[in-house]
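Subject: A structure for you to look at

Hello,

Here is the structure I promised to pass on to you. Please open it next to this email and follow along as you read.

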Amino acid sequence: MATEPVTAPAPLSGWRIFGKAMLGTLIGFFATPIVVFALVLVMISFDKVCGTPGDSGGCEMGLFSITVASAIPGAIIGFIVNLVRGLLKRRRAA
């Protein structure tokens, strides 16, 4: 019974690295606003001004605007993190 020699895996192609980076972009685009929404909701719950008649919905609008504004930075962070991970993995495999 002959055994196959163990060889190192082939390095990742550029398209595969780019595809994984794009997947990270989508994950960052959707996950970051969810996390930011939860964090800001907790912060608002401890603010004594929120919910009073003088607030006029300012806390809720802040919650909405911060959540929406976090989507693009989350996508950029997801892209960069996964691109760097792919390039480092490719370097280690080579």
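In which helix is T67 found? T67 is found in helix 2. Before we go further, please keep in mind that this is a predicted model.

T67 has a relative accessible area of 14%. The cut-off for buried is under 20%, so T67 counts as buried. Leaving aside residues up to four places away in sequence, T67 touches P33, V36 and F37. You can find these by selecting T67 and looking around it.

**Where helix 2 meets helix 3**

T67 also takes part in a meeting of two helices. Two packed helices are described by the angle between their axes and the distance between the axes. For helix 2 (residues 58-69) and helix 3, the angle is about 30° and the axes are 4 Å apart. Angles under 35 degrees count as roughly parallel, and helix 2 and helix 3 are therefore described as roughly parallel to each other.

Which residues meet here? On the helix 2 side they are T67, V68 and A69, and on the helix 3 side A71, I72 and P73. Sorted by class, this contact of helix 2 with helix 3 has five nonpolar residues, one polar residue and no charged residues.

**The aromatic pairs**

How many aromatic pairs does a search of the whole structure find? The search finds three, and I will take you through two of them, starting with W15 and F18. The rings of W15 and F18 are 6.4 Å apart, centre to centre, with 85° between the planes. Planes over 60 degrees apart count as edge-to-face, so that is the name for the arrangement of W15 and F18.

Are they buried or exposed? W15 counts as exposed, at 74% relative accessibility, while F18 is partly exposed, with a relative accessible area of 40%.

F18 also pairs with F79. This pair is edge-to-face too, at 6.4 Å centre to centre and 80° between the planes. Here the partners come from two helices: F18 lies in helix 1 and F79 in helix 3 (residues 71-93), so the pair ties together parts that are 61 residues apart in sequence. F79 counts as partly exposed, at 25% relative accessibility. Put together, ring pairs link W15, F18 and F79 into a cluster.

G86 and F18 are 68 residues apart in sequence, and their C-alpha atoms are 8.3 Å apart in space. Is G86 buried or exposed? At 9% relative accessibility, G86 counts as buried. Not counting residues up to four places away in sequence, G86 touches L12 and I17.

**The disulfide**

The structure holds one disulfide. Which residues form it? The partners are C50 and C59, and their sulfur atoms are 1.8 Å apart. The link of C50 and C59 is left-handed, with -80° about the S-S bond. Both cysteines are buried: C50 has a relative accessible area of 17%, and C59 has 13%.

S45 lies in helix 1 and counts as exposed, at 53% relative accessibility. The C-alpha atoms of S45 and C59 are separated by 9.7 Å, and these residues are 14 apart along the chain.

M43 and L63 are 20 residues apart along the chain, with 9.7 Å between their C-alpha atoms.

Best wishes

Note on methods: Residues numbered from 1 in each chain as written. Predicted model: local features only at pLDDT ≥ 70, side-chain atom pairs only at ≥ 80, totals over all residues. Heavy atoms only, no water. Phe/Tyr/Trp six-rings, centres within 6.5 Å; stacked < 30°, edge-to-face > 60°. Buried < 20%, exposed > 50% of the residue type's maximum accessible area, 1.4 Å probe, protein only. Axes fitted to C-alpha atoms, helices over the stretch in contact; angles between N-to-C directions. Parallel < 35°, antiparallel > 145°, perpendicular 65-115°, else oblique. Contact = heavy atoms within 4.5 Å. Nonpolar A, V, L, I, M, F, W, Y, C, P; charged D, E, K, R; others polar. Disulfide = S-S within 2.5 Å.
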